[in-house]
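Reader: I would like a close look at one part of this structure, taken strand by strand. Please keep to what can be read from the model.

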Amino acid sequence: MMMGRAKPAPAGLRVNDITVAYRNGLTALRHASFTVPRGTITALVGVNGAGKSTLFKAIMGFVQLTNGSVEILGMPAHDALRQNMVAYVPQAEEVDWNFPVLVEDVVMMGRYGHMNFLRIPSRRDHDLVTEALQRVNMLEYRKRQIGELSGGQRKRVFLARALAQEGQIILLDEPFTGVDVTTEEQIIELLKSLRDEGRVMLVSTHNLGSVPDFCDRTVFVKGTVLAYGRTEDTFTEANLEKAFGGVLRHFILSGTDLHDDADPRHLKVISDDERPFVVYGDRQQKQKTRDDAPDAS
Ligand SMILES: Nc1ncnc2c1ncn2[C@@H]1O[C@H](COP(=O)(O)OP(=O)(O)OP(=O)(O)O)[C@@H](O)[C@H]1O
């Protein structure tokens with residue numbers, strides 16, 4: 001009997017040569033392509049205005065593509081979106097926080113796509129909302145107004161909404177902005193456990209220092225995709241330079257600025273003014289908090 005070769009598993013997400021132009025004529029992305037496998041956390045990095053949010057909107061079908069296509073788990077994006085496979089955690093600025101809505105209602109919105117037009121939640125919908133709130137540690141806030149929460153708590157509620165949706169692809173637009181280090185670490189732990197369940201997370205972030213720590217893959221964006229691949233291969237000074245150009249601040253500490261003794265090793269800090277990326281000689285190491293950062297002045 002002939003043994004057929006096993007078909008390779010489809011990519012989690014395939015962005016194929018997409019171009020996006022806004023109505024005002026601005027082309028925010030041009031011929032952008034990248035692929036990420038399932039069970040990964042992928043960082044999207046680039047300067048303000050590079051096109052990271054546009055890329056999310058293109059995946060979500062919020063903006064029209066003038067070229068190219070997006071494939072999700074081997075199917076056209078349109079089909080995956082219809083099946084509620086893609087969850088989007090927006091930037092805080094995109095949400096109207098004055099809208100009077102309870103935390104649990106926000107999370108229940110994640111279930112809407114699974115309900116019929118009457119939107120009457122089932123027992124399972126309620127259970128999934130409770131489970132999602134538990135997972136982000138926000139269960140005790142379920143009856144609070146969303147507008148009364150802190151920035152970090154709001155982020156966690158929107159993450160819970162993505163969990164309740166049972167999204168297989170989760171897009172997080174700057175989830176760490178305005179979030180303290182403890183909350184950031186909790187979110188990262190949650191993302192890791194979702195990765196281990198085989199989901200795909202795409203995370204736009206300016207926290208360059210934490211990318212090598214928890215993102216398996218990195219996509220460099222600047223009007224297009226400049227480079228992508230495993231973080232250990234792509235998160236290089238050359239790619240950072242290409243993506244950030246003059247925006248990055250570099251400083252090197254050595255000699256008596258760094259050591260009391262004659263230790264010849266130096267330390268390089270690369271930052272776009274959020275959390276810095278620190279290189280000790282040839283080794284790359286995370287800078288945990290801004291407060292820990294060496295004083296550059
Ligand atoms: N609705 C819109 N209409 C017209 N132009 C837009 C629109 N939204 C974004 N742009 C422009 O498209 C480009 C890419 O913006 P985008 O929001 O995707 O960048 P970004 O990488 O997410 O930036 P940031 O890091 O600041 O969030 C920018 O030049 C921006 O001004």
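This is a predicted model: local features need pLDDT of at least 70, side-chain atom pairs count only at pLDDT 80 or more; totals for chains, interfaces and linings use all residues.

In β8, which residue is the bridge partner of I170?

Author: In β8, I170 has M201 as its bridge partner. That pair belongs to the contact between β7 and β8, two parallel strands joined by five bridges.

Strand β8 covers residues 200–204, and five of its five residues are buried.

From β7 the pairing goes on to β6. Strand β7 spans residues 169–173, and four bridges join β7 to β6 in the parallel sense. Within that pairing, Y88 has L171 of β7 as its bridge partner. β6 itself, residues 86–89, is covered on both faces, with V86 and Y88 buried on one side and A87 and V89 buried on the other.

β6 in turn is part of what covers helix α3. The cover over the buried residues of α3 includes β6, α4 (123–135) and α5 (151–164). Helix α3 runs over residues 103–112 and is mostly covered, as seven of its 10 residues are buried. The buried residues are V103, E104, V106, V107, M108, G110 and R111.

E174 lies in the loop between β7 and α6 (181–196). The phi of E174 is positive, near 45°, and the residue is not a glycine. E174 counts as buried because 22 other C-beta atoms lie within 10 Å, where the cut-off for buried is 20 or more.

H31 is found in strand β2, and its phi is about 45° although H31 is not a glycine. H31 is partly exposed, because 13 other C-beta atoms lie within 10 Å.

β2 belongs to an open, antiparallel sheet of four strands in the order β2-β1-β4-β5. β2 (27–36) and β5 (75–76) stand at the edges with a single partner strand each, so one side of each has no neighbour in the sheet. Inside that order, β1 (residues 13–21) and β4 (residues 67–72) pair in the antiparallel sense over five bridges. One of the pairs is R14 with E71 of β4.

Helix α1 lies across β1, β2 and β4, and runs at about 70° to β2. α1, residues 52–60, also gives the most to the shell around the ligand, with three residues. The residues surrounding the ligand include G46, N48, G49, A50, G51, K52, S53 and T54, and also Y22, N24, L26 and A28. By class, that shell has four nonpolar, seven polar and one charged residues.

Methods
Residues are numbered from 1 along each chain as its sequence is written. A residue is near a molecule or strand if its C-beta atom, placed from the backbone, lies within 6 Å of it. Ala, Val, Leu, Ile, Met, Phe, Trp, Tyr, Cys and Pro count as nonpolar, Asp, Glu, Lys and Arg as charged, and the others, Gly among them, as polar. A residue is buried if 20 or more other C-beta atoms lie within 10 Å of its own, exposed if 12 or fewer, and partly exposed in between; C-beta atoms are placed from the backbone. Two strands pair if DSSP finds at least two bridges between them. Two residues are in contact if their C-beta atoms, placed from the backbone, lie within 7 Å. Axes are lines fitted to C-alpha atoms, for helices over the stretch in contact, and angles run from 0 to 180 degrees between N-to-C directions.
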